[in-house]
Structure formats: structure tokens, C-alpha cells
Amino acid sequence: MEQRHLGRTGLRVTRLGLGTLNWARDTDEQEAADQLKAFWEAGGTLVDTADIYADGGAEYLLGRLTEALVPRADLVIATKAGSVLEADRRVDCSRRHLLAALDASLERLGTDYVDLWQLHAFDPHTPLEETLAALDLAVSSGRARYVGVSDFSGWQLAKAGTWQLAAPGMRNRLASTQMEYSLLQRGVEREVLPAALDLGIGLLPSSPLGRGVLTAKYRHGTPVDSRGGSEHMAPFVAPYLDETAGRVVDAVATAADGLAVTPLQVALSWVRDRPGVTAPILGARTAQQLGAALSVEALSLPDEIRRALDDVSAPVHHYPDQDWSTL
């Protein structure tokens, strides 16, 4: 599998990543093992998790499988901290919480370090310099090799990235930002992606298949065994089942028919090769689904199809989303 540098750093990762959001919840240990083995055998390296996935169960499962199935040195393990499952608070990026969360993640993962440690969200109640100092301490102490963020808006990413660059040699530049990005969700193109490109921060798209809708499985109804058919995941899928999304899915299906490939391959290839993207994160529930996604490695979309998909999915930009002189 082809590799890319993560942002403007020396860290190289495969241009497809394996997500573990479903592990220890919808994906049992045997399915997770099959996924990890298939990903590793395909040459994949980047595995993304978080301390709150299955209340820590995903990290624990990844640690067990890494020890038993795949050499730790062959993987680039990324995890996140900062989200909290409390009634009165969703984010805690204080130094106290972050460093305690990192130690707990390392214990569950069964490793001395993570390759990429990410803030799961922006905390408006903690001074940003305190939060970022915790990232630097994680690197200087050897517990993390690189650092990044997740779900930061454009101004938040620009502020954090600039702060880290303001003291070279003392602060560690942000390597990545993880955001939802697909043909059905191009909001990052307004502010986040331009900021990332300017600062040399690599984008790791989550939900690159539009929460599964871009596979075209929902064109004629909701399959019972799909996320949209499950009680706890249906609200997650529902926003992308409207008429606007349907037009995009129809265009993807038409392109797939013309290329003799699947809609999944078309949609994933599109986002994988967007400017600024390092590696989409694949959130498959089964090894079979993962295998279908990994088959995209050999596909590159023709320019005319890429432009057609750009047009049909183009987000509406108004002032001040773009340079005023271009409007």
C-alpha cells in the first residue's frame, strides 16, 4: 500500500487507515482480529482508536491483538483523549485529564508509546496553551511520537497550529487533524482544509463513505443488517438519507457503472486523493467490508469523473467562506 507523509513531518503512514470505532461494540474480537490481519497483510500501517471507544474496550482489544497477531513495530497506532462521558461535560483537555488519559491508554494498548496522540475535541473551558503544553510533555516524555487534533474548527486549528510553530525546538508541530470528510460532507473545505494546507497539517478524513451511505446500499431502502437499520446507529446515518445526498449517491453509482467498479471504490478514491488528505480512516464493521475498501488501492479516478463528482457534491460557499475578491 502506498505511503504518505503525515502533514509536514517525517512520519509516513499508509494512505488508508483502519478505524476501531466499532471494536468491542458492533465488532467482536474475532472480526477485529480478521480486520487487523487483513489490513496488515495488505500493507496497512495506520490504526486509529480513542480512549472512549467502547469505554476503552477498543484500545484494550487492539492491545491484545497487537501482542498476539501483528508486530507492534509494523503499526502506526493513533489514539485520542479529551472526550469525557459525563452528564455535565463532553470535553476535558486540562493537563490533568489529558496526561492521566494517555497513561490509561498506554496501559490498555499494552505499549510504552503511541505514534500519534490526538486531542479528540476543542475545550473552550481550558486555556489552549495548557492543552498544547500537555501534548508537548507527552512527546518529550516519550509517551507519544507525534501529536494532532480532531474536530477543531478552522480558527481553532489555525490558532493551535500557529502556537505550536511559534517556538521551534520547544513545541511540537501538529502533524494531523481528523475530521469528517466525504462527497456528502465537504464542510472542511471552507476553513479547516485551507488552514491545514497552509500550516502543513495532514487531514485524516473520518466517515469517508458518508457514514456508509456512499456505498449506495440505501438507494432502495434501509437494509436490516446496516447501521441505518440498527437502533443506536440509525440517527448517525439519517442526516445523509435526504434528497440532496441521494443525487450525489446516484452520481457515484453512475460513475461506478461506467468504470466497472463499486460505488464504495469511487467514493473512497475521490476523498483519498483530495488535496491535503493523508489517509481516510476506514470504519468497517466486518473484515469483508474492510476488504472491499482496501481494493481501492489500485483505483485512480479519471479527471472527467472527478470533476463531475466535484460539481454534483459542491458545497455552497458564501462570504466570508471564500476570498471576497473571488465572489
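Predicted model: local features only at pLDDT ≥ 70, side-chain atom pairs only at ≥ 80, totals over all residues.
Local features need pLDDT of at least 70 and side-chain atom pairs count only at pLDDT 80 or more, while totals for chains, interfaces and linings use all residues. Residues are numbered from 1 along each chain as its sequence is written, and side-chain values use heavy atoms, with hydrogens and water left out.

**Salt bridges**

Side chains of opposite charge can pair when their charged atoms come close. The structure holds 18 salt bridges (a side-chain nitrogen of Lys or Arg within 4 Å of a carboxyl oxygen of Asp or Glu).

| Pair | N to O distance |
|---|---|
| Arg15 and Asp273 | 3.9 Å |
| Glu180 and Arg211 | 2.9 Å |
| Arg306 and Asp273 | 3.9 Å |

Arg15 forms a salt bridge with Asp273. Because Arg15 lies in the loop between β2 (12-14) and β3 (17-19) and Asp273 in the loop between α9 (263-272) and β12 (281-282), this pair ties together parts that are 258 residues apart in sequence. Helices (H or I, at least four residues) and strands (E, at least two) are DSSP runs, numbered from the N terminus. Arg15 is buried, at 7% relative accessible area, whereas Asp273 is partly exposed, at 27%. Buried means under 20% relative accessible area, exposed over 50%, and partly exposed in between (1.4 Å probe, protein chains only).

Asp273 also meets the side chain of Arg306 in a salt bridge. This pair links distant parts of the chain, with Arg306 in helix α11 (residues 303-313) and Asp273 in the loop between α9 and β12, 33 residues apart. Salt bridges that share partners join Arg15, Asp273 and Arg306 with Glu2, Arg4, Arg272 and Glu297 into one network. Arg306 is buried, with a relative accessible area of 16%.

Glu180 pairs with Arg211 in another salt bridge. Glu180 sits in strand β10 (residues 174-180) and Arg211 in the loop between β11 (202-206) and α7 (234-237), 31 residues apart. Both partners are buried: Glu180 has a relative accessible area of 17%, and Arg211 has 15%.

**Contact of α8 with α9**

Helix α8 (residues 243-259) packs against α9 at about 105°, with the axes 8 Å apart. Axes are lines fitted to C-alpha atoms, for helices over the stretch in contact, and angles run from 0 to 180 degrees between N-to-C directions. The two helices are therefore roughly perpendicular (65 to 115 degrees). In α8, Val252, Ala253, Ala255, Ala256 and Leu259 meet Pro263, Val266 and Ala267 of α9, contact meaning heavy atoms within 4.5 Å.

Notes
Parallel < 35°, antiparallel > 145°, perpendicular 65-115°, else oblique.
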